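User: I would like to learn how to read a ligand site and the pockets of a protein. Can we go through one together?

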Amino acid sequence: METTLVLLKPSCVQRQLIGEIVHRFERRGLRIAGMKMMQLDDAILREHYAHLVDRPFFPTLAASMQTSPVVALALSGLEAVGVVRAMTGFTNGRKADPGTIRGDYAMSNQQNIVHASDSVENAAIELRRFFRPEEIFDYKSGVFDFLYGVDEALQ
Ligand code: TYD
């Protein structure tokens, strides 16, 4: 099983879509291993978007991420990183496929509702960035035996 990081961005919080987006992840069968609201500061955003700090849109990106608290989610499941990334859709909401979160809720390249880790390696780094170890819970989902086949459950 993998655990991945999702941030429900201010565009999600302000549009009152928190419940709707969390519901999508739950309905898919992802287990919520951690969940908290937090106000991001410049330091954590410079770290989180280190690959983008030199891009011209970074100042507006950093500002947009601080206009309200975000909700950080740790989501667990088999191949959770890829599954969640696929659910998220292309960065630009206008180009994202219908059926994805961005394709269903976003019209923007920046106000695009969610962040999702893009690799197993980055998920581990990002989970450490947003959660303390004791804020991530390892428990068996009540519907686990109906989410996975017996062989898959061992992975
Ligand atoms: P990136 O890591 O490229 O995409 P993703 O979120 O799909 O992994 O970019 C991070 C965020 O930066 C993106 O969610 C929104 C913002 N962004 C812009 O504001 N303008 C842009 O042109 C791009 C590419 C990203």
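User: How many Å lie between a polar side-chain atom of lysine 9 and an oxygen atom of the ligand?

Analyst: Keep in mind that this is a predicted model. A polar contact is a pair of N or O atoms within 3.5 Å. Here the polar side-chain atom of lysine 9 is 2.9 Å from the ligand oxygen.

User: Which distances to a ligand oxygen belong to glutamine 110 and asparagine 112?

Analyst: For a polar side-chain atom of glutamine 110 the distance is 2.8 Å. For an N or O atom in the side chain of asparagine 112 it is 3.0 Å. The protein covers 81% of the 510 Å² of accessible area that the ligand has on its own.

User: Which residues surround the ligand?

Analyst: Read the shell as a list, then sort it by type. Among the residues around the ligand are Tyr49, Phe57, Arg85 and Asn109. The shell divides into four nonpolar, five polar and three charged residues.

User: Which pocket does the ligand take up?

Analyst: The ligand's space is the largest pocket. That pocket holds about 560 Å³ of space. It has 23 lining residues, and the closest to its centre include His51 and His115. Helix α7 gives the largest share of the lining, four residues.

User: What lines the second largest pocket?

Analyst: Start with volume, then look at the lining. The second largest pocket has about 170 Å³ of space. Its lining has 14 residues, with Met1, Arg31, Ser76, Tyr139 and Phe144 nearest the centre. The elements giving two or more residues are β3 (70-77) and α8 (144-147). By type, the lining splits into six nonpolar, five polar and three charged.

Note on methods
Residues numbered from 1 in each chain as written. Predicted model: local features only at pLDDT ≥ 70, side-chain atom pairs only at ≥ 80, totals over all residues. Heavy atoms only, no water. Near = heavy atom within 4 Å. Polar contact = N/O pair within 3.5 Å; in protein donor to acceptor, adjacent residues only side chain to side chain. Areas by Shrake-Rupley, 256 points an atom, 1.4 Å probe, with all protein chains shown as cover. 1 Å grid on protein atoms, 1.4 Å probe; cavity = no way out; pocket = protein on both sides within 12 Å on 5 of 7 lines; lining within 4 Å. Sits in = over half its atoms within 2 Å of the grid points. Nonpolar A, V, L, I, M, F, W, Y, C, P; charged D, E, K, R; others polar. Points joined across faces, edges and corners; volume = space filled by probe spheres on them.
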